[in-house]
Amino acid sequence: MRILFQLLVAGSALAANLPSDHAKRMERGLRLFDDEVASTLKQHCLKCHGGEKVKSDFDLTTREDLLRGGSHGAAVVPFDSKGSLIMALVRHEKESNMPDGSPKLPEAVIAKLAAWIDDGAPYSSPLIAGKKPKKDPGVVTEEDRQWWAFQPLKKVQAKSIDELLLKNAKGMTFAPPAEKSVLVRRLYLDLTGLPPPVDADAMELPALVDRLLASPQHGERWARHWLDVARYAESTGFEQDYDRPFAFHYRDFVIRALNEDMPYDQFVKWQLAGDEYEPKNPQALAATGFLGAGVFPSQITANEVERTRYDAMDDMLSTTGNAMLGLTIGCARCHDNKYDPIPTADYYAMLSTFTTTTRMNVDIHRDGRVTSAVTTMDAKKNTPVVKDATRMMICAEGYDPIVMHTQGGPFFDKTFLLKRGSTDMKDREATQGFLQVLSRPQDFKRWQWRPPEGSKSSGRRRTLSHWITDVDHGAGALLARVIVNRLWQHHFGTGLVPTPNDFGKTGTPCTQPELLDWLAGRLIDGGWKLKPIHRLILNSRAWQQSSARDAAKEAADPANGLFMRFVPCRLEAEAIRDSMLAVSGRLDETLFGPGTRDENSRRRSIYFNIKRSQLIGSLVAFDLPEPLVSQGARPTTTVAPQALILMNSPQARSWAEGLAARLQAAGDGQGQITLAYQLCFHRNPSAAELDAGLAFLKSGASPADYCQVLLSLNEFVYVN
Amino acid sequence: MHPPTLSRREMLARTGGGFGMLALASMLEAAQNPFAPRAPMQVGGRAKSIIWIFTNGGPSQVDTWDYKPELARRDGQTLEGFDPKTGFFPGSVGGLMKSPFGFRQYGQSGTWCSDLFPKTSMHVDKMCFIHSCWTGSNNHSPALFMMNTGATRMGYPCVGSWVTYGLGGESDSLPSFVVMSDPLNRGLPKGSAANWGAGFLPSVFQGTWLKPSGAPIDNLAVPASLTPQRQRAQLDLMARLNRQALAGSAVESELNARIESFELAYRMQTAAPEAFAIKDEPEHIRKLYGVDEKHCGHFATQCLTARRMVERGVRFIQIYSGGMENQQSWDGHRDILGNHSGFAAESDQPVAALISDLEQRGLLDQTLVIWGGEFGRLPIAQKGAQPGRDHNPHAFTIWMCGGGVRGGHHHGESDEIGFKAVLDRVSVHDLHATILAAAGLDHERLTFKFQGLDQRLTGVENPKVVKQVFA
């Protein structure tokens, strides 16, 4: 296996293995090629491996392609037919037997093939005339860096979002502004996930924006968006799906950070390495829950220990890539990414960042000491006793790792480059590094952080955080683009890049590149604070447009990439439930702390405990994603189980009763219906709606029946 | 799989899904809706429905369907070169152990079957056996995920999700993908709902888990504080108010779909309980399955429910035989004799009845029945007072029946002691490609774009459809 790797990794390794008489042998091999081997390859192999198809990613059209091998690794080792996989396959010693679906080649032909490989497998010309070898995806070129997302931010001169949108609007103009009451409802649901109070229109809109951005409900609403991206849950997944009872501190960290308008670069740094920045700061420690939120098996057999560890590190790296950089780095685990310039070597260089990083529970004591959690159990309640300390799950180094039922240790001291992602095929040890395409220049020392004397940490995660936030030389420009795009996405329903987790070549291209770079620049110039960006967006004409149908614009710009109209969208699962609770008058506004899985809970939905095997059914029905990998955008489905929840669940019925009780203060039927419309839809009922309501109530239906209807209406769950 | 004109969001907004891909077909032009019932890709079999009897825990091939006389001859000998890490308990490696069950031949095909399945074995000439299956993990949950989703890691879409994604549903009142788990409180398969999750496919394609006790589906009953009449009045008012607000909306089709979804939900309230009403089945059918037998009544009920679902257009049904692990499932680490006898007795008559019943109704030809678990078991003993067998990822047998498969056929072989698959080896991805083909789906074309790639059930290693299983 060692030899295979040397061949794959670099030409220089090849040179080292050349036999002394290689020149003579290559000459002989060329004759073999011309006389017989070329026609054998053309006749039996080329169709599937370079001609009509490239099966198993193996192409033998040119010698360079042949030597690169395919998804099963190296196929041919020059001068060593015995060590060449291709020979085992054609000799039918290994599966899949080759040529596929045809009889075995005659022994004489096989012998010639072997002799040719033993003579270095030379080509006199490509098997398809004029064909050039494929570009090696393991090498990052200047051309790769030209992809827009990898470029430095463009300096865009503009005064406003509106100016930049209108510049690209192909002659269209903004839709007229929506009515004030519509905007107020839109604003409340957008920023807080709750419907507005009846008297909310009294304030001017910009002042209302400031007020809602300053409200604690803002963090509760927007933290949920980030938790999707962070595949956040509070259990291990897999076999037993054990609870992680101290994981919720991460969720609280996100809420607090957004409410305090923590600079986004710091938000990122702390999630990757909070413990290496401020080892005694509980918030910095809690932030590392980001790395630890993924699944992990609770039962690991001896021969799975190592693979499981690589899976766990992959989860940290892949989530970091998706969430922070909008890149699918995980693809490069088994092979160089075919679309984006992410070679496998870059993947393992980045992966080694997490070599010694694991989940751990720590106790933060009142006197500020942080120690590994020492578990003493309350024998009666079978729960851990924590005295005078806050117990927290972090994902870091230097404390006692959480250990599952395993036949091995929690981590390995070294991370290796793996061929095809297999722990059975180790190459050299990986040393820390970053994506070449986002490093200008490739100068690791620029970012390297060495922990102080006596630290139990490797410093690698803080080193990563330096690179990822470095706007001029590292990934910082992309980092900024990805987050401003997420903000835009949650204000408009669609991002400027419609695939928020994929800024690479397989994503959907940015519809407004100048605007994206302008916003990213504003973010960085403003000290990475998010609230000013929210303000820019919410005070724009673009965001305040009416959502009324405009058939001409729909025809001209069906995907609304020009943003010359506002498209209504359905609320997410949590906002629907929270809104129902809010209008029922039963919402418990308590912030933070451990969650529950009781559907009757009256707290906001973000405080549900998220156990992977027991997700909250009423949220899943409304498209809560499974927290397994980073999710950039939720689908919006319309299915019958959603209707059943609103029609029949005890919660929906009980909230309808709550709303009905609130209405009693409003006097007669007309007064009650009017108040109900104000609470639910932030408007007065039309005459027809009033009549329909009065007739319904007279027909023998209860006020709760009526309220349940209102909570189920399209208007209640859509933002206009 | 992507329609030319609709965005994903529109597409999803317009579909029913999950609950039977409740396709809202009346509102849709079939050509535009990839989740409405669809014609298969015409690649292999003719199964319209699939019932997977998932023998959870990993039944032993050498004690069930893979007859190995050589193993009896070498009983007690050491298996030379055996890697003790092959199974789960490296410290309990015993010698080769013959099957404690007798074997005899059945049917025209002369298929050797163990005495565990006297009734199911009567159908051997309709069953197609694959003896050369192998998988990549020796541990339950990774192997379960592998068998269900094609990946040992958590979070990928399962076979049932892919099939319903590919074919849509044919019932307008039932989920199109349902899962039944052990009703005797022995637990869910390891990894529980992740085994029937939709992964990165839209969540509408996840399996609907029918609760083993109480109402099988949540929120199907009108709340006590309402009456059906009052609920009807609610829906009428709702429709009226919703329709008034439709005019001029930029998302009229989404809103319309939502109006329709309430009507659908209303119909389901009566249709779904009807589908579960085993009590309506005539006495001779109940007897055939063994619904009222103590030893197999629970599994008989599930198999009979499966048949009723197939009749009503449900696409994919998975029934787990056994609960979580060890003695709760086919995971016979201890006492292979007692363990396998117990689970076979629970399922033999119901499974046999299911095949007979489907056949007599003319449904077998369009229904693929699969029997198999996540891996096999070792031919050596796991030492103990009552010896068992440890996990074996290297060889196991599954069988299929109906849906156009070749009856009485045996594909592939394990070695002479049943330790490793040696001839015509079939990987889990090959098996998945074959199951999809049985339903008329081409595994190379059944793709979904996620993280920038056209993802598929069968991965990137070019697996092959086992064409020999089709008649």
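# Chat on a two-chain predicted model

User: What sheet are they in, and what's the strand order?
Analyst: An open sheet of eight strands in chain B, ordered β7-β6-β8-β1-β9-β13-β5-β14, with mixed pairing. The edges are β7 (208-210) and β14 (409-411) of chain B; each has a single partner strand, so one side of each has no neighbour in the sheet. On average, neighbouring strands are turned by 20° against each other, direction ignored.

User: Which helix lies across β9(B)?
Analyst: Helix α9 (residues 336-360) of chain B, which runs at about 165° to β9(B). This helix also lies across β1 (49-55), β8 (316-321) and β13 of chain B.

User: What about β3 and β4 of chain B?
Analyst: They make a hairpin with four residues between the strands. B:G107, in the turn, has a positive phi of about 70°. The strands, residues 103-106 and 111-114 of chain B, run antiparallel and are joined by four bridges. In one of the pairs, B:R104 has B:C113 as its partner in β4(B).

User: Switching to the interface. How many residues of chain A are in contact with chain B?
Analyst: 64 residues of chain A, against 70 residues of chain B. On the chain A side, the helices that each supply at least two residues include α24 (617-621), α26 (650-663) and α28 (687-698). The largest share, eight residues, comes from α25(A).

User: What's the make-up of that side by class?
Analyst: The side of chain A that touches chain B has 27 nonpolar, 23 polar and 14 charged residues.

User: How is chain A divided into domains?
Analyst: Into domain 1 (2-136) and domain 2 (570-719). Their C-alpha centres are 65 Å apart.

User: Last one: which residues of α10 in chain A are buried?
Analyst: In α10 (residues 205-213) of chain A, the buried residues are A:L208, A:V209, A:L212 and A:L213.

User: Why are they on the same side of α10(A)?
Analyst: They cover an arc of only 130° around the axis, and that puts them on the same side of α10(A). In general, an α-helix has 3.6 residues a turn, so residues three or four places apart point the same way.

User: What covers them, and what's on the face turned away?
Analyst: The cover includes α9 (180-192), α11 (216-229) and α21 (531-538) of chain A. The face of α10(A) turned away from the buried side carries exposed A:P206 and A:A207.

Terms used. Residues numbered from 1 in each chain as written. Chains lettered and ligands numbered in written order. Predicted model: local features only at pLDDT ≥ 70, side-chain atom pairs only at ≥ 80, totals over all residues. Contact = placed C-beta atoms within 7 Å. Nonpolar A, V, L, I, M, F, W, Y, C, P; charged D, E, K, R; others polar. Pairing = 2+ DSSP bridges. Axes fitted to C-alpha atoms, helices over the stretch in contact; angles between N-to-C directions. Domains from an automatic or database assignment. Buried ≥ 20, exposed ≤ 12 C-beta atoms within 10 Å, placed from the backbone. Arc of directions from axis to C-beta.
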